[in-house]
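Hello,

Here is the structure I promised to pass on. Please have a look, then read my notes below.

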Amino acid sequence: MTRAEVVALTLSLLSEDDIVVAADGAISREAYRAHDRERTFYMLGSMGQVASIALGLAMTRLERVVALDGDGNLLMGFGGLAMVGGIKPPNLYHLVLDNGCYATTGGQPALSQKVDLSAAALGAGYPWARRSFSDDHARSALESWLAAPGPAFLDIAVDAEERDQAPRIPMTPEEMVARARAALSGE
Amino acid sequence: MTVSRRLEALREAGVDYVAGVPCSYLKTFFAACGALPPASYLPAVREDHAVAACVGAWLGGRRALAVMQNSGIGYCLEVLTSLHLMYGVPLPMLVSDRGAPTDFEEHRILGQRTRQLLDLFGIPWREARPGREKVEARWLVETSEKERTPVVLLVGKGTDV
């Protein structure tokens, strides 16, 4: 499956109350196109900080927080894995859409092809971490992950190529943040 | 239990989440952070992750504070510029003021340029003064929220109280 298909499938499995942090770049744009929701925070930059932002949310909220991360993104901010594993927020669900490369910059290979990300998550202290392929079993893999004790980590392999490029999100950064914060704290 | 007048002042000013990486200039402050509820204090592994976690906590409705050595500003720049400054997210910050000519070599190059670096990105800053903890805490929180920007209080020797 493509990354955009897995992003769409994941969003379809979430409840309205769930809070989503979508990684900068393609993952945010694909999440917006598939299912825009007020409780999704769309990152535009600051690669490597998906898990850290999600952790700040998970520590301060009771709802489930779902981090839609990329493999290169996670590797850039690998310390975020240690913070989540060390703090162990039970409401944090970390998904890595793993295409094994830096797709938006031309498909350069990433070291995620050689580094076992789910073993790293287990080592960091996540009580549940798996790797899965995004074939016919993608839905059941995602359902098992969302039903697991948190923080739970799923590294899901997706195609290196996408069918198309999702357009940029037609909101300013100020609008994105104002909407997400208002949805969460009523301010 | 260690008491920090600065932490107490910041809590009175509304701070209810702290993420940071320790500095020996901030020993008293960090010792007092140990007594905060577990969901209110994040011992971050690097300063960029601390300020990113503060964005999450702020989205969640908290008043989040980041604390670090001034060398950590280097790690933070990408996050401060493409999260806080670009989205307009407030962030009060306590930053140690290292780099004096008498300080160790490893603190001097970035330490002596901390003020210039903050000025370059338009981040307001002040130097902490003994006995001014309450005024400084209110200034940090109010300025960050009014201008929706990171704001730095530089904590030098003798002001970690």
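The interface comes first. In this predicted model, 32 residues of chain A are in contact with 28 residues of chain B. About 2,300 Å² is buried between the two chains, and carbon and sulfur atoms give 68% of that area. The salt-bridge count across the interface of chain A and chain B is 0. Polar contacts do turn up: 9 residue pairs between chain A and chain B, both residues at pLDDT 80 or more.

Now the chain A side. Four elements of chain A each give two or more residues to the side that touches chain B: strand E2 (40-42), helix H3 (50-60), helix H5 (79-87) and helix H8 (173-185). H8(A) gives the most, with 8 residues. By type, the residues on this side of chain A divide into 18 nonpolar, 11 polar and 3 charged.

Ser82(B) is found in helix H4 (residues 72-87) of chain B. Is Ser82(B) buried or exposed? Its relative accessibility is 10%, so Ser82(B) counts as buried; the cut-off is under 20%.

The side chain of Ser82(B) has two polar partners to check. Within chain B, the side chain reaches the backbone oxygen of Glu78(B) at 2.8 Å. Towards chain A, a polar atom of the Ser82(B) side chain lies 3.0 Å from the backbone nitrogen of Ser46(A). Neighbours within four places in sequence aside, Ser82(B) is in contact with Gly45(A), Ser46(A) and Tyr87(B).

Best wishes

How values were computed: Residues numbered from 1 in each chain as written. Chains lettered and ligands numbered in written order. Predicted model: local features only at pLDDT ≥ 70, side-chain atom pairs only at ≥ 80, totals over all residues. Heavy atoms only, no water. Buried < 20%, exposed > 50% of the residue type's maximum accessible area, 1.4 Å probe, protein only. Polar contact = N/O pair within 3.5 Å; in protein donor to acceptor, adjacent residues only side chain to side chain. Contact = heavy atoms within 4.5 Å. Buried area = accessible area lost by both parts, 1.4 Å probe. Salt bridge = Lys/Arg side-chain N within 4 Å of Asp/Glu carboxyl O. Nonpolar A, V, L, I, M, F, W, Y, C, P; charged D, E, K, R; others polar.
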